[in-house]
Structures are given as structure tokens and as C-alpha cells.
Amino acid sequence: MQRTARLLGRAAEMSVIDGIGAALRRGMSGALVVRGEPGVGKTALLDYAASMSPGSEIARLSGVESEGRLAYAGLHRVLVPYLGRAKRLAPARRAILESALGITDGPPANPFLLGLAVLTLLAEVARRRPLLCLVDDAQWLDQESREVLTFVARRLHADRIGMIFGVREPPRDPRFEGIAELTVPNLAPGSAADLLVTRSGGRVDRQIADHLARQAGGNPLALVEVARELAAGRVAPGLLLDEPLPLGERLELHFRSQIRALPDATRAFLLLVAAHPVVDRTVVWRAAAPDGIAAAAATPATDARLVKTAPDLHFRHPLIRSAAYGSAEAGERRHAHELLARVTDPVTQPDVRVWHRAAAAGGPDEELAAELERCARLAKRRGGLLAESAFLTRAAELTPQAPVRAVRYLDAAQAAETGGAPLRAEALLDEGAPLFQEPLVQVRAQRLQARALASSGRSRAGIAVTLLSAARRSAPLDLDLTREILLEVVLWVFQTGRYLTGPTPREIGREILDLGGFTGTGPAAGPGASTAGDLLLEGLATFLSRDHATAAPLLRRALEGMRGGEALDGGVPPWLLNGVFAASILWDDRGRDEWLTRCEVTARRTGALRPLVLTLLGKSLQEAAWGDVPASERCSTDGRQIAQALGWSPTQLLTLSNPNILGWQGRDEEARLAADSLFAAAAELEAGDIGRYASMLLIVLHLGRGDYADAFSAARRLQAEAVPGFDNEALPALIEAGRRLGRLAEATAALEELRRRATASATPWALGLLARSEALLAADPEAEPHYRNAIDLLSGTRAVGDAARAHLLYGEWLRRRRRRNEARAQLTQAFTTFADLGADVFAHRAQTEPAAMGVARPPGAHAPTVTLTPREDQIARLAAQGATNDEIAARLYLSVHTVEYHLGKVFRKLGIRSRRRIAAALEGENSPSGARTAVPSSPQS
């Protein structure tokens with residue numbers, strides 16, 4: 001293809017963009033974030049992308065800084081040309097899309113369900129010809145639009161859609177994480193000088209051009225501006241040598257100087273254009289009329305190339321907009337907003353109009369504050385939580401009465417925290433702190449402070465104490481609210497573990513029982529536990545303050561209550577992980593699985609993405625604890641992709657990688673590196689639960705390898721990381737490793753503790769682990785019944801890994817007694833199970849035992865595999881369950897085209913032609929050799 005545009009010094013960057021064009025021509029997709037400082041040439045690269053795609057539909061958008069607080073304003077501008085095709089969407093998706101864009105008054109627009117609707121619409125547009133979306137200055141898009149568009153970009157695969165975002169650097173926005181990046185550096189000295197010489201029309205010699213290029217640091221926009229001045233003969237080259245060129249903020253100041261040189265009427269015109277968030281030439285000129293500003297006022301600005309009037313009215317560069325607004329006096333800005341408010345339609349753009357009125361206000365105004373609050377509610381209905389926060393903040397600033405102002409600051413902070421801006425929430429809480437005088441307002445503020453701290457991914461050490469303080473304030477006032485807060489206290493006690501500051505877990509447990517009214521002696525004395533949440537709170541608080549035996553009956557009642565419909569009537573409860581903790585304490589495998597499955601179904605139905613991530617993390621850890629590596633990895637992959645869309649930090653995402661998988665697979669070096677990273681993250685976040693993950697990983701790895709000293713140390717470390725008593729996984733490891741190391745006193749002490757806990761729990765999983773551990777420490781005549789009992793008990797649970805380990809230990813015991821045929825049967829069973837689970841470290845151990853006896857390897861040791869990527873495996877299993885392509889797309893937040901593409905690859909890999917054959921093929925029944933499907937350890941899709 002003949003290139004229609006060339007950029008000096010940008011061969012590497014153009015090659016990357018050429019790759020996206022090539023992908024579109026092949027029917028695939030591509031997404032790219034082009035990063036760089038102001039003026040580095042991001043816009044020029046987007047221009048190049050457009051020029052290189054003559055056969056594609058081009059959708060182009062530039063972020064506008066003043067538009068950043070209007071929810072979905074940017075998305076609206078992208079989709080306007082294609083809204084006619086929205087009628088082809090499913091009714092539910094069309095309703096979400098039209099609600100977000102303000103077309104209809106529908107339900108709140110969840111950004112991720114909305115993302116699926118937008119992806120479906122754009123994929124429909126791309127059916128006719130490839131679609132290339134170019135978003136310049138994406139950092140200035142409203143957050144809601146940014147979330148949706150980056151969500152779509154991450155889900156592209158076989159859709160013939162390209163998305164390129166130009167983003168100013170710094171700062172970094174986590175919402176762009178997970179999309180391929182191209183950081184655009186300043187030009188190399190030679191290319192920078194070439195640009196200056198070319199753009200100045202040869203009016204500067206090479207030596208001076210080299211010097212100016214160094215002064216500019218290779219910034220193309222600065223060089224272009226200097227070259228224009230040189231070409232016009234307005235600046236002598238020698239004068240530039242003694243002063244730094246304008247870069248970044250200096251570049252903006254440079255534009256300001258250009259603006260100040262314009263006639264007053266032209267500057268007033270530019271201020272109106274800069275102040276209006278949605279540039280509309282009709283509105284701007286109507287606003288200009290009362291001040292006598294005529295159309296001729298635009299001419300000096302267009303002559304100076306500050307604005308363009310065709311095909312629409314816009315600034316040539318976003319920095320010019322900033323300069324036009326920032327160079328005006330405060331009174332001039334208020335006047336401009338007042339003029340714009342008068343001519344903005346109160347019916348079609350009520351939020352824009354009231355925003356202008358607020359910007360024009362000179363002091364407190366309750367009527368205007370109330371109108372801003374109404375606009376905040378409108379933004380919330382449309383799913384614009386940060387827009388809601390912005391309107392409420394301005395409403396608070398204009399509120400004359402302190403108590404009302406306090407509540408509005410709180411509501412603004414709540415919207416910011418819910419909308420994924422915890423640092424903004426904290427800033428608003430600090431702003432309103434002197435106003436928080438009412439007791440329940442103080443409770444709300446403290447609770448929100450703790451949630452913001454948790455959401456920001458920073459230290460967890462003080463969260464439980466902050467929440468406990470809030471519960472103390474609410475206890476005399478509101479029992480239900482107090483119990484809600486105390487459930488959050490329990491959550492953070494377990495998650496903080498060894499890093500907890502202030503009272504001990506035992507002391508906190510006692511105070512929870514008192515404040516929650518369960519003892520009948522505290523200020524909140526009232527009825528006992530009745531709801532599932534109340535039962536759970538009482539049971540976990542009893543566990544913290546007493547022991548397993550006392551807490552077990554209460555926790556069983558709580559889990560029974562959670563099996564009913566009452567617990568999830570209002571969606572996934574914020575205490576969902578407390579339910580996981582309760583089931584883990586009891587070794588209740590079925591209760592834990594049922595609870596997590598209900599939470600996952602509810603989260604997907606309601607579009608509650610953060611609870612969905614937590615649920616998927618819980619399921620991943622659960623499957624790993626049971627030894628099912630492929631199932632664990634599917635949940636981990638799905639959760640990590642959604643968390644990236646939510647903007648989780650790299651440290652937070654690390655907790656979703658579930659490195660326990662690496663331990664089961666025996667990937668020693670990767671497992672140790674992952675454990676080190678997790679221990680570092682635990683220390684950074686002061687999060688004991690993350691340290692627990694690392695210790696559990698090392699326990700599995702070292703026991704599988706037979707490295708008993710390291711396994712014993714890892715089990716001890718797990719006990720140190722966790723809340724006392726919340727270390728069930730450590731006890732069987734201490735017993736097995738201690739027995740092998742001859743540390744019988746410690747192994748016996750661990751067995752006694754395991755016996756107390758397992759007897760209190762009385763679940764098959766707990767009793768099976770107890771029987772397996774008793775066998776390890778029993779004398780020869782007594783060990784065998786314990787092994788058989790362990791296998792019987794564990795085989796009836798979902799902890800297939802523990803059942804296989806019982807077969808393995810029994811087989812090893814039989815081998816040492818030279819009962820070869822019996823040993824081979826047990827070891828073959830262990831190997832087969834471990835191989836099917838992908839638990840290679842234990843499969844290898846089971847495989848070496850027969851070799852030690854001089855017998856053949858177990859059958860199936862070299863069974864061929866068919867490798868599906870995690871994404872292919874997800875889609876294949878959903879299709880095998882009867883889900884349609886559209887249902888699969890909705891569940892996994894993909895387009896139907898991408899689902900079709902992956903299913904095509906699944907069919908080819910499995911050698912089938914029908915969806916009806918998928919289930920059998922996944923089980924290896926389609927191959928006479930008994931081939932198994934295997935999921936690789938890292939995502940390939």
C-alpha cells in the first residue's frame with residue numbers, strides 16, 4: 001500500500017500503527033494507547049493512522065477538559081453517527097445504552113454492562129467495513145466514557161475494530177492498563193533539527209537548528225511553534241538561543257501570550273468556546289451576542305491558527321483551550337459562564353446549564369445548590385458516579401447551611417468512592433470534616449474513610465480500627481447499622497491478619513459481641529441474631545473471641561441461613577467474603593461452593609463487577625485448595641481481566657494471579673518468585689491474607705517435592721501471617737512434614753489442635769484430613785484403618801486433591817512395607833487424579849514411587865494433550881453447557897464475533913464439527929488414545 005503520510009523520526013511508531021491496520025484488513029482487531037508528553041506528536045500519529053486506513057470507517061474524538069465532569073459526554077460523541085443501528089441490539093442492551101446517553105429515562109447504566117452494549121454496537125458497525133476509533137487527549141474524557149471505551153478496547157479480538165487512544169503523560173491512568181502501549185519519546189536530535197528546518201521553510205541554518213532542537217528537548221510541537229515564528233520572520237533565531245523554549249506548562253504559557261495579543265473581542269470569543277463543555281457554534285454565538293461580539297471576532301484567532309471553524313468549531317490543540325480559559329480573569333470567566341447559561345437549553349441540557357450557572361455564581365445560593373443536587377441524581381441514574389460527585393461537591397460549596405453542606409460533602413465523597421476515585425473521596429472528607437458534627441454523620445464519614453482507604457489499595461492495618469470506632473459511635477443510635485459496620489470490621493480483621501494494629505483479634509471479637517447486642521449487656525443490647533448476616537457476625541465474633549468448638553454451631557447456623565434466598569435479596573452482600581471465611585473455618589466444602597456460586601450468579605445478573613471479582617478470586621482459591629488447577633486458573637483469569645477493567649493497581653492484581661497454581665504445577669522458580677512478590681505485597685499493603693496465599697503456595701510446592709524442612713517452615717509462616725486459629729491449611733502440613741523430619745512433639749501438638757477443630761467442624765473434609773494425619777503418626781498396626789477411613793471420607797468431598805494425597809500417602813506407606821501390588825493400585829489412583837487435575841508436582845511424586853519398586857509407570861503417564869487457551873476453554877465449557885453465542889458473549893463481556901472466532905479454533909483443535917461434541921471432546925472421549933484437554937498455566941488469549 002502506498003503511504004499517504006510520513007512523519008520525521010517516527011519510523012518505529014508508524015510501524016506499530018501499521019500493524020493495527022494490517023490486523024483490520026485480516027478481519028482481526030487491535031487496540032493501542034499512544035502515550036507522551038504534551039506536544040510530542042500523539043495527534044500526528046493518530047492523523048497518520050487515519051490516513052493509512054482509506055477503506056475503514058473512521059470515528060474520531062478529542063477529549064475536552066471542561067467536559068470531563070459530564071458523564072458519558074465523550075461516549076455520546078463517539079456513538080452519535082451510529083445510534084440508528086442501536087435498534088439491532090437486544091432490548092436490554094439498547095435500554096442501557098439509551099439510558100446512559102440520556103436518550104431515554106431508563107435504569108442506571110452499569111458501566112460494564114454498558115460496555116458490552118457499546119462493544120456489540122461497534123461490532124455491528126464493523127460488519128460492513130473495518131472501524132477505526134481514534135481518541136485524542138483521552139485523559140480529558142469524562143471518567144465514565146473512559147471506562148467504557150477502555151473496557152471495549154480490552155475485549156476486542158475478531159471484530160475488525162481498531163482503537164487508538166492518545167494520552168498525555170504524566171500522570172498515568174490505571175484504566176488504560178492491559179491495553180498495548182506505545183510511549184512516544186521526544187524526537188532524536190537529528191530528526192528534531194530536520195523538523196525545525198523543514199517547517200521554518202529553510203529560514204534557519206543547520207547549526208542553529210541543532211541548538212534549538214536541543215533546547216526544545218526534541219518536543220515536536222514546541223519546534224513547530226518556533227518554526228512558524230521563524231518562517232513568519234517574527235523572531236530572530238539568535239534571540240531564541242538565550243532563552244528556554246516553552247515545553248509542557250511553558251508551552252501553555254506560550255499559547256497564552258498569543259491569546260493576550262489578540263483583540264479583546266477575539267479573546268472574549270475564545271473564552272466562550274473554551275468555557276462551553278460541548279462546543280456548539282450556535283450556542284457560542286448566541287452567548288456572544290449580548291456583548292456585541294460579532295462573527296468577525298473569530299478571524300484573528302483563525303488567522304493565528306488557534307482555532308478552526310471547519311468542519312466544526314474547535315481549538316487546534318487542547319493546550320490552546322487551556323490557555324484561553326486560564327488566561328482570563330476570574331470575573332471574566334464567571335461572566336462567560338453566565339452568558340452561556342442563558343442560552344443553554346434547560347430541557348435538553350439541564351446539567352450543562354446548571355453547571356454554567358454554578359460556575360457563574362459569586363457566593364452561597366441554596367436554590368442553585370438544590371438544582372445541582374437534582375442534576376447529581378440525574379447523573380447517578382445514568383451511571384455517572386463521578387459526575388454525581390462533581391455536582392454534589394459544587395452543591396456543597398454553594399450551600400449556606402452547615403448541616404446540609406456536611407451531608408452534601410458526604411454524598412459527594414460516597415459517589416466518588418463508589419465510582420472508583422477513593423483519593424477524591426478522601427479529599428472531600430477532609431474538606432467537609434469541620435462540618436461533621438452530627439453523630440450519624442460522623443459514623444458515615446468514618447465508615448467511608450475506611451472504605452476509601454481499602455479501595456485505594458494502600459495500607460490495611462488501620463481499617464478495622466477505624467470501622468470499630470464508627471461502630472462505637474453508632475451503637476447507641478442504630479443497631480442494624482452497627483451490625484453492618486461490625487461485619488466490615490470482621491472482614492478486615494481476617495484480611496489484615498498479623499498486620500492488625502490496636503486491639504487484638506480476641507479483644508475485637510469480644511467488643512463486636514458487646515456492640516452488636518449479642519451479649520445483652522452493651523449499648524446496642526437488643527434481639528439476638530436473626531438474619532444470615534447477624535448469624536454470621538455472631539459466629540465469627542465468637543470464633544475470634546473464643547475458639548472453634550464454641551463458634552462451630554453458630555457458624556453452621558449461619559451457613560444454613562446463607563443457603564436460603566433471604567441473604568441475596570438485595571444483591572451480593574458486602575460481607576460476602578465473611579461467608580467464605582466461615583466455610584473455610586469449618587472445612588465446609590459444599591457450603592463454600594454453594595455460597596460462592598450464588599454470589600457469582602447474583603453479581604453477573606446485577607452487573608456488580610467488584611463483588612464478581614471477589615467471588616471469582618474466592619472460587620479460584622477454593623479450586624486450588626481442592627487441587628483442581630484448570631478450574632482454578634479459569635476463575636483467576638476471568639477475575640483478573642474484570643479487575644483490570646475496574647482499574648485495579650498492579651499490586652492489587654497480584655492477589656488475583658493465585659500463584660498456588662504454580663505450586664501444584666511444580667514450577668519451582670516461578671513459584672518462589674511469585675511467593676516473594678506476594679510477601680512483598682503483603683508488607684506493602686499490610687495484608688496478612690496475601691501473605692497466607694504465598695505460604696499456601698510454598699506448602700503445596702514443598703510437600704509435592706518432598707522438601708519437608710521448607711514445607712514445615714512455610715506452614716509456620718502461614719500461622720504467623722493469619723489471624724490466630726485461621727490457619728487450618730497449616731496443621732496437616734505441620735503433621736506430615738514434622739513426621740518426616742522426626743519433629744514428633746510438634747507434629748503431635750499440631751495433630752491435637754487439628755483433632756479439636758475437625759471434631760468441632762464435623763464435616764467429611766475436616767474428618768478426612770484428621771484421619772489422614774492420624775495415620776501418619778499412628779503405629780503400624782493402627783495406621784492402615786486411618787488411611788482407609790481418610791480415603792472414604794475425602795472421596796465424598798470436592799477436595800479431590802486431598803483425596804489423591806491420601807491415596808499417595810497410603811501407597812507410600814504400603815511400598816515401605818513391600819506390599820507392591822496394593823501400593824501400585826493406590827499410587828496409580830493418585831497419579832491418575834493428579835494428572836487429570838494438572839497437579840504435576842504430586843503426579844511426579846506418585847510416578848516415582850512405582851519406579852522405586854522397579855515396576856512400570858502407571859498407565860496414562862504419557863497421555864497426549866490438546867491445548868486450549870484459558871479463553872477457549874471458558875467458551876468451550878459454556879457452549880458445552882448449552883449457552884448460545886450471545887449468552888456466552890454477555891457472560892464473558894465479549895462480542896459475539898469474538899466468541900464465534902474462538903469456537904472455530906476450539907472445533908479445529910478438538911477435531912469436531914458440532915457443539916454437541918464439545919463436552920465429550922473436553923473429556924477426551926473423541927480420541928481413541930484417550931487424549932486429555934489441558935489448560936496452559938498462563939493466558940494466551
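Predicted model: local features only at pLDDT ≥ 70, side-chain atom pairs only at ≥ 80, totals over all residues.
View 1. Two of the cysteines may be inspected individually. Cys 133 has a relative accessible area of 3% and is therefore buried, the limit being under 20%. Cys 599, with a relative accessible area of 0%, is likewise buried.

**View 2. The crossing of helices α17 and α19.** Two packed helices are described by the angle between their axes and the distance between the axes. Helix α17 spans residues 350-360 and helix α19 spans residues 385-397; their axes come within 11 Å and cross at roughly 35°. The crossing of this pair is left-handed. On the α17 side, the contact is made by Asp 351, Val 354, Trp 355, Ala 358 and Ala 359, while α19 contributes Ala 390, Phe 391 and Arg 394.

**View 3. Pro 350 in helix α17.** Pro 350 lies in helix α17. Its relative accessibility is 26%, so Pro 350 counts as partly exposed. Beyond residues up to four places away in sequence, Pro 350 touches Asp 345, Cys 375 and Leu 378. Leu 372 stands 22 residues from Pro 350 in sequence, and the C-alpha atoms of these two residues are 9.7 Å apart in space.

**View 4. The surroundings of His 337.** Helix α16, which covers residues 330-343, contains His 337. This histidine has 4% relative accessibility and therefore counts as buried. With neighbours within four places in sequence left aside, the residues in contact with His 337 are Ala 275, Tyr 325, His 356, Ala 359 and Ala 360. Ala 359 also takes part in the contact of α17 with α19.

View 5. In soluble globular proteins, nonpolar side chains tend to be buried together. The largest nonpolar core holds 79 residues, of which Trp 664, Tyr 787, Phe 834 and Phe 842 touch the most other members. Helix α35 (residues 688-705) supplies the largest share of this core, ten residues. A second, separate core has 68 residues, among them Ile 485, Leu 500, Leu 577 and Val 613.

**View 6. The contacts of Tyr 787.** Tyr 787 is one of the residues that touch the most other members of the largest nonpolar core. Apart from neighbours within four places in sequence, Tyr 787 is in contact with Arg 772, Ala 775, Leu 776, Ala 806, Leu 809, Tyr 810 and Trp 813.

Definitions and conventions. Residues numbered from 1 in each chain as written. Heavy atoms only, no water. Axes fitted to C-alpha atoms, helices over the stretch in contact; angles between N-to-C directions. Helix = DSSP H or I, 4+ residues; strand = E, 2+ residues; numbered from the N terminus. Left-handed = near helix turned anticlockwise from the far one by under 90°. Contact = heavy atoms within 4.5 Å. Buried < 20%, exposed > 50% of the residue type's maximum accessible area, 1.4 Å probe, protein only. Core = buried A, V, L, I, M, F, W, Y, C linked by side-chain atoms within 4.5 Å.
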